[in-house]
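Please open the structure in your viewer and follow the stops below in order.

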Amino acid sequence: MRTALFWILSVVAIGSSLGVIGNLKSPINSALNLVVSMFALAGLYILLEAQFIGLIQLMVYAGAIVVLFLFVIMLLNLRGSGTTGAENQPVLKAIGALIAAGATLWLVRTLAAGRAPWPDVGPEFGTTRAIGEALYTDYVLSVQVAGVLLLAGIVAAVVLAKKKIG
Amino acid sequence: MATSTVFVAIFLFALVLLVFSPIMTWVERKQSALMQDRIGANRASILGIKALGLIHPLADVIKMITKEDTVPTGAHRLLHLWSPFIAVVPAIVSFAVIPYGGVYEMWGTRVSLTVADLDYGVLYVFAVGSIATYGSMLAGWAGNNNFGMLGSIRVSAQMISYEVALGITVVGLFMIFGTLKLSDMGVLQQETFRLFGFLEHFGWVAAGTKWIDWITIPMWGIVLQPLPFFMFLTALMAENKRAPFDTPEGESEIVAGYFIEYSGMKFGLYMMGEWIEVVVISALLTAMFLGGWSIPWLPEANIIAFLTPLLGDNMANVAAMVLAVHVFLIKVIVLIWFQMLIRWSMPRFRYDQVMDLGWKILLPLSLANIVITALGVLIVQEVTR
């Protein structure tokens, strides 16, 4: 059951991710493929006993961020041009191809080396309580720093968006 | 999955889809008629039997199903077909985590009245609810209609705005109960606290004073967090896009907004989604704020203990279970009535008013509530230690 779900979700995730970059004609279709990909990822998280992360993935990425993408696409009424603008830039293309090739090589090497057996996790693993405790005890500094970063982001967005402040 | 869970699931599904959703159309018609001093739905009849207008839902269904299903020229066929389903399914699956009662033992089996008693129940409802945005948003876009587009843009802006406030308003409640699990919240809300217990703690009255033990208050969410109850209700109603938050539909400006290009049962699915959502909102608020299936000052264990000598162990549990479901449904019905009352007494908010309410009132208030609740929880912990 788990293995079957894993394969289904993985295939959907990879397929829809390819759909995101393959859909040059219609930005809306790209965004919708992104949603499906987020869904599959959330399913994979839940399969790995990380239910909290899975649900946050749904809530934040599928439920909010991609909705904003769609919102912008609809608001600007974007129609795909069929090009990405990278066609006339051979240097960019070469760099992209190199990075992709390197990443694939790395992946194949890692997979070929085999993996250690999955560590056993307790029933508490991935629950809201466990994550909350980890975030607010061991990693409290990271949480605070991330909070400050987000605050800076919000302030910057307001400054950029508002023509006149006050 | 235990067989009992399957039965509970089927029962709830039938209850929600076959009973609540059609009855809601009748409730809406009758209540609006009462409020506007009209006679109300009384035309549909079978052989002269009108049954207070209860035949109308049946007539609705026949009308919706037999209408022509139109797809406009230039529409995105796939999305146009699927959007109504994306809109209605999240509302239905939300019921999976609603606790209609506790856990009862009868004839050696444990029957839980929650279909999926998830550790992160509330988050599940939020996550699933945020998906419903797509159903409305894509509908307007897929229909190739400019009014629909405007509706879509309004829907997405409104739902994103209120989702932020929605999550933050109830953080205070999570802090007090220390759980996201709805069935745990139901159990915790059966307890009571002594209103003047602090007098004893500080030694202002002698320990063991009788009247302090008498004045108790049930630990319902609405008692502990009165303001967030109303903020949460507001945010949920805004998410549901019914009047006064129905700017995405805005008949006078954008005709019908996002579902302008739908006819027949696809249009019906949007209406059904809204009504099911009204029930979801009521059930969620009942489970989180109104004590779930509990009767105030009467813990369930006491009911079972009282009934056991009379009915025997098994039947006492059955009786307690039936009672729990009824108590829960009564609270749900009261909240449905309250939502209808709001829906028919308020005019539609202007678009900027909707946005102002979400971002400038609900969000700051809910953030302030978190700080105040955190202080309160800390003080209580320090004092009672």
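Buried area is the accessible area (1.4 Å probe) that two parts lose on being put together, summed over both. This is a predicted model, in which local features need pLDDT of at least 70 and side-chain atom pairs count only at pLDDT 80 or more, while totals for chains, interfaces and linings use all residues. Residues are numbered from 1 along each chain as its sequence is written, chains are lettered from A in the order in which they are written, and side-chain values use heavy atoms, without hydrogens or water.

Select chains A and B together. They bury about 2,100 Å² between them, 78% of it on carbon and sulfur atoms. Next, highlight Tyr120(B), Tyr134(B) and Trp141(B): these supply 27% of the area that chain B buries against chain A, more than any other three residues.

Now display the contacts (heavy atoms within 4.5 Å): 24 residues of chain B meet 23 residues of chain A. Colour α4(B), a helix taken as a DSSP run of H or I with at least four residues; α4(B) gives the largest share of the side of chain B that touches chain A, eleven residues. That side divides into 16 nonpolar residues (Ala, Val, Leu, Ile, Met, Phe, Trp, Tyr, Cys and Pro), six polar and two charged (Asp, Glu, Lys and Arg are charged, the others polar, Gly among them).

Finally, centre on Ala316(B), in helix α15 (residues 313–345) of chain B. Leaving aside neighbours within four places in sequence, show its contacts Ile304(B), Leu307(B), Thr308(B) and Leu311(B).

Methods
Helices (H or I, at least four residues) and strands (E, at least two) are DSSP runs, numbered from the N terminus.
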